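Subject: Structure handover

Hello,

Please find the structure below. My notes on it follow.

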Amino acid sequence: MTTDVAASAGRTGGDPGRPAGPAAGGDAATSRRRRRILGAQPLGILFSAPYLAFVVVVFAWPIVFAVWMSFQDYFFAAPGAEVDRPFVGFDNYVTVLTDPDVWQAFGNVGIFLLINVPLTVILSIVLATALDRIVHARTFFRVSYYLPYVTASVAVVSVWLFLFARNGLVNNVLGPLAPDPSWLVNSSLAMPTIALFVTWKGLGFYILLYLAALQNVPKELYESVAVDGGGRVRQFFSVTVPGVRPATLLVVLLSTITGANLFTEPYLLTGGGGPNGASTSPVLLIYQRGIEQGNPDVAAAIGVILIVFVLILAAIQRKLVGGDES
Amino acid sequence: MRRRIILAAAAAAGALTLTACGGGGGGSAGDGMDSRGDITIWYSNNEAEIAWGEQMVEAWNAEHPDEQIKAQEIPAGASSEEVIGAAITAGNAPCLIFNTSPAAVPQFQKQGGLVNLSEFEDGEDYITQRSGDIAEQYRSEDGGFYQMPWKSNPVMIFYNKAMFAQAGLDPENPPLGTYDEFLATARTLKQAGVAQYAINPAPTSEFFQSWFDFYPLYAAQTGGTLLVEDGAATFDSEDGRAVAEFWRTLYEEQLAGQEQYQGDAFADGYAAMAIVGPWAISVYGEDVDWGAVPVPTQDGTAPDETWTFSDAKNVGLYTACENKATAWDVLKFATSEEQDGIWLEETGQMPLRQNLTDTYSDYFEANPAYQQFGDQASRTVEVPNVQNSVEIWQAFRDGYSESVIFGEVPVDEFLSDTAARIGELAAGS
């Protein structure tokens, strides 16, 4: 719409008092050139410049640099140190793709996402719907769900370590049903336990998103379903779920992106990705390879593959969940 | 509009990439070797080391008004090594860091961040005369010293005397010399229910954790063999197998815990024994009635012949330093006989100095608890000073964890596979 108006202004604009002629034609050409460079709304560039600069410095530059690093034999060096960083083609990618630890880490994060994303969507939409309807203690409940989200992982990890330890509260409650080895040192259960932790911790934020989306669902639709004899469950599936579809797409994408970047929880909860790498995430591996072991070129290659992995996942999710939005 | 944005982004990306390619510039490691002036140093952030650092700086500054030291604690970070690595890359590392991990030295050296101390006229002599034969472990592959061997915390077995007495064991002469004795003692402790575990070294996956379970016992069992020697892993051997099987038994019988413990398991009474160095003496203080013995070997070794892991921290002189001559003088001052004595008094950690117990005989007479650590300090092994050091230890830890701690892979398979992998890493691949 804006483009049409601008194009129209371009065709008919100019000083109405100035006679048409070669000079006017020159002005028009300059104006067209300026518009081609600066666009129809030059002020817009000015307004968006700070954020654009931020994106370039904080996101674009590191990504470009990481891609470049992934094709070099690169390591961090002191300024002025004479070091050789030759172009190595796809060597770093070959190293990464033939490293079983990398495949294990991507498999781990796949398990994590399979548990975390659906659980986040289901729990947050159900709880948001419930919180939207309750009358008493509404603020208390909203704050209760939001509190874990704003609390640092470092602070709550100790509590979970206590809960899920061999002699912890959970195993004491389960009694003979307690797993052996215990949750966080069990190769099959470590990642699902982390997924549960992250779901619980992030729930408050996603509930807020759904609560905001629920305010835009027309109340008349609920009344229509009620008039047609639909109960609460029918209302939920026929009105609420389709009504908050854009929010669902956002929740799915955000939880996937943050989940793929999992680091703090395996670093702290399972002591660096244990047991035997069963909870190592790609980002934890990037940290180990790039920072601890001094191989930022290999770490960059893992990072680039992770970006592609997340983009593919996001595209699939957008197709599956987005509906008309996609 | 979209085309313009794409073009602009591509241009910016190209420019940034070219900038990245052209990074670098500035001085070299050799700059400022004769320069004098003010310098900055970093030291560790624990109370005792700060006290020593402050007095050392005060003593130096009083005598050298034109070459003042500005000191601070190492900035907070996930680990000192990460902070130092970042400072090297940024070009703002201080002149001296009194907490440089030997395991990180090969990496810092590769980064061009460390000065070769052997390049100072008296560098080689000063280091070898102060530390004796033990200094050789800190020599880099190119023959130079990129770190000043400074202080060690030779690890030994600490045990809780009260728990031992409660379990019916002799608290003054506990049977912990051989593997069989150690295992029998551990079983007795467990059966008596005096603690959750007999011993509880951190079972987590960080690369350095093997320095406090496998490596001290391996050093003792082999009489001072490093994990990697002459470019090859040494542990795929009868000795390596004996140590690994010993720990495997402890985990299998749940005499040692597979879960990380939040806090100090020994101080909290969660475990009856621990593997730690003399720094712990001041920490446990009066709270725990402890004793200490050398780490066990398969058939038992006399204490005065037992080796262990050093848990040393050294001093690095960094290339970003403008006044390296002053920094070198400060380094010699801080590791002088007088300052090493004050260090010992303040921290209880052992200066990496030959004839330690003779040099500070008064101190060890007055503090008998430290005597055996002073004696042990002369028989310590360091982490191998080879390229890919951290990667080597991570590979070892991963294999050890899978096999010894969790029993998912036979010990023999772990030893042979991990030794092969570490051989490749040590060779630079």
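In chain B of this predicted model, 16 residues of domain 1 are in contact with eleven residues of domain 2; two residues are in contact if their C-beta atoms, placed from the backbone, lie within 7 Å. Domain 1 of chain B covers 39-146 + 313-351, and domain 2 of chain B covers 156-310 + 385-426, with bounds that come from an automatic or database domain assignment. Taken over C-alpha atoms, the centres of these two domains of chain B are 30 Å apart. On the domain 1 side, helix α4 (residues 105-110) of chain B gives the most, with four residues. That side consists of seven nonpolar, six polar and three charged residues. Here Ala, Val, Leu, Ile, Met, Phe, Trp, Tyr, Cys and Pro count as nonpolar, Asp, Glu, Lys and Arg as charged, and the others, Gly among them, as polar.

On conventions: the model is predicted, so local features need pLDDT of at least 70, side-chain atom pairs count only at pLDDT 80 or more, and totals for chains, interfaces and linings use all residues. Residues are numbered from 1 along each chain as its sequence is written, while chains are lettered from A and ligands numbered from 1 in the order in which they are written.

Between the chains, 35 residues of chain A are in contact with 40 residues of chain B. On the chain A side, α3 (42-69), α7 (153-164) and α14 (282-292) of chain A each supply at least two residues, and α3(A) gives the most, with six. The chain A side divides into 20 nonpolar, 13 polar and two charged residues. Helices (H or I, at least four residues) and strands (E, at least two) are DSSP runs, numbered from the N terminus.

Chain B also has an open sheet of four strands in the order β6-β9-β5-β10, with mixed pairing; two strands pair if DSSP finds at least two bridges between them. Its edge strands are β6 (197-199) and β10 (290-293) of chain B, each of which pairs on one side only. β6(B) runs parallel to strand β9 (residues 271-276) of chain B, and two bridges join them. Ile199(B) has Met273(B) in β9(B) as its bridge partner.

Last, a helix pair in chain A.

Regards
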